[in-house]
Amino acid sequence: MINPKLKVFEIFDKESAILISGIEKPNPMTIGWGSFGTVWGKPAVTVFVRPTRFSFHLMMENNEFSLNFLKPEFRSAINVCGTKSGKDTDKWKEAKITKEPSLKIKTPTVKEAYLSIECVTMARVKLSKEDFLDPKINDFYPKFDYHTMFIGEVVNIIER
Ligand SMILES: Cc1cc2nc3c(=O)[nH]c(=O)nc-3n(C[C@H](O)[C@H](O)[C@H](O)COP(=O)(O)O)c2cc1C
């Protein structure tokens with residue numbers, strides 16, 4: 001299913017991905033954290049979204065998302081989608097990226113991505129201080145805006 005050459009321990013950290021959430025008005029947001037694996041017998045991707053993101057509400061309201069990996073030449077698109085908010089910006093236009101319809105979900109993918117993953121959210125898990133066994137994790141949350149983990153079933157993979 002997923003290309004075995006995919007470096008799952010590096011791909012989020014070294015490349016960053018663009019998460020698309022929302023059906024009526026899909027919104028691109030850069031994410032640097034995530035994981036691939038098997039959950040509840042399904043191929044799965046988990047992404048981490050803080051409640052302060054515009055994308056958070058879209059993720060809560062629409063139980064699907066797409067994850068899109070772009071080559072290094074799209075660094076400026078990653079920067080735009082990771083610094084501006086869909087609340088007041090059309091990031092598709094500003095980041096110069098294009099919507100492409102997905103095959104299995106209503107949320108689009110990013111046409112410029114070399115790898116797009118269509119997901120249906122199976123579960124949402126809100127993290128809180130009590131969950132952290134390693135106290136150093138608290139350093140990531142000076143404003144106590146703990147991520148919610150969205151665990152998605154991978155329903156389609158597009159390699160371009
Ligand atoms: C490289 C990079 C990685 C990021 N990773 C995440 C992430 O995993 N989770 C998250 O909630 N925000 C992450 N952000 C921050 C959001 O992308 C940023 O706040 C964005 O403006 C939110 O967009 P939105 O308000 O349209 O949802 C990251 C930003 C950058 C630049």
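## Ligand shell

In this predicted model, 19 residues surround the ligand, and the closest are G32, F54, S55, G82 and S85. A residue counts as near a molecule if its C-beta atom, placed from the backbone, lies within 6 Å of it. Two or more residues of the shell come from each of strand 2 (27-31), strand 4 (42-49), helix 2 (54-61) and helix 3 (75-83). Strand 2 gives the largest share, four residues. Helices (H or I, at least four residues) and strands (E, at least two) are DSSP runs, numbered from the N terminus.

The shell holds six nonpolar, nine polar and four charged residues. Ala, Val, Leu, Ile, Met, Phe, Trp, Tyr, Cys and Pro count as nonpolar, Asp, Glu, Lys and Arg as charged, and the others, Gly among them, as polar.

Seven strands make up an open antiparallel sheet in the order 2-1-5-8-9-4-3; two strands pair if DSSP finds at least two bridges between them.

Strand 8 (residues 115-126) and strand 9 (residues 148-159) run antiparallel and are joined by eleven bridges. In this pair, C119 stands opposite V154 of strand 9.

## Helix packing

Helix 3 lies across strand 1 (17-21) and strand 2, at about 100 degrees to strand 2. Axes are lines fitted to C-alpha atoms, for helices over the stretch in contact, and angles run from 0 to 180 degrees between N-to-C directions.

## Chain as a whole

The chain has four helices and nine strands, in the order α-β-β-β-β-α-β-α-α-β-β-β-β from the N terminus. Its radius of gyration is 15 Å, close to the 15 Å that the globule rule gives for 160 residues, so the chain is as compact as a globular protein of that length. The radius is taken over C-alpha atoms, and the rule is 2.2 Å times the number of residues to the power 0.38. The C-alpha trace spans about 40 × 40 × 30 Å along its principal axes.

Of the 160 residues, 32% are buried (20 or more other C-beta atoms within 10 Å of the residue's own, all placed from the backbone). Among contacts between residues at least 6 apart in sequence, 68% join residues at least 24 apart; a contact requires C-beta atoms, placed from the backbone, within 7 Å.

## Basis

Residues are numbered from 1 along each chain as its sequence is written. Local features need pLDDT of at least 70 and side-chain atom pairs count only at pLDDT 80 or more, while totals for chains, interfaces and linings use all residues.

Methods:
Two residues are in contact if their C-beta atoms, placed from the backbone, lie within 7 Å. A residue is buried if 20 or more other C-beta atoms lie within 10 Å of its own, exposed if 12 or fewer, and partly exposed in between; C-beta atoms are placed from the backbone.
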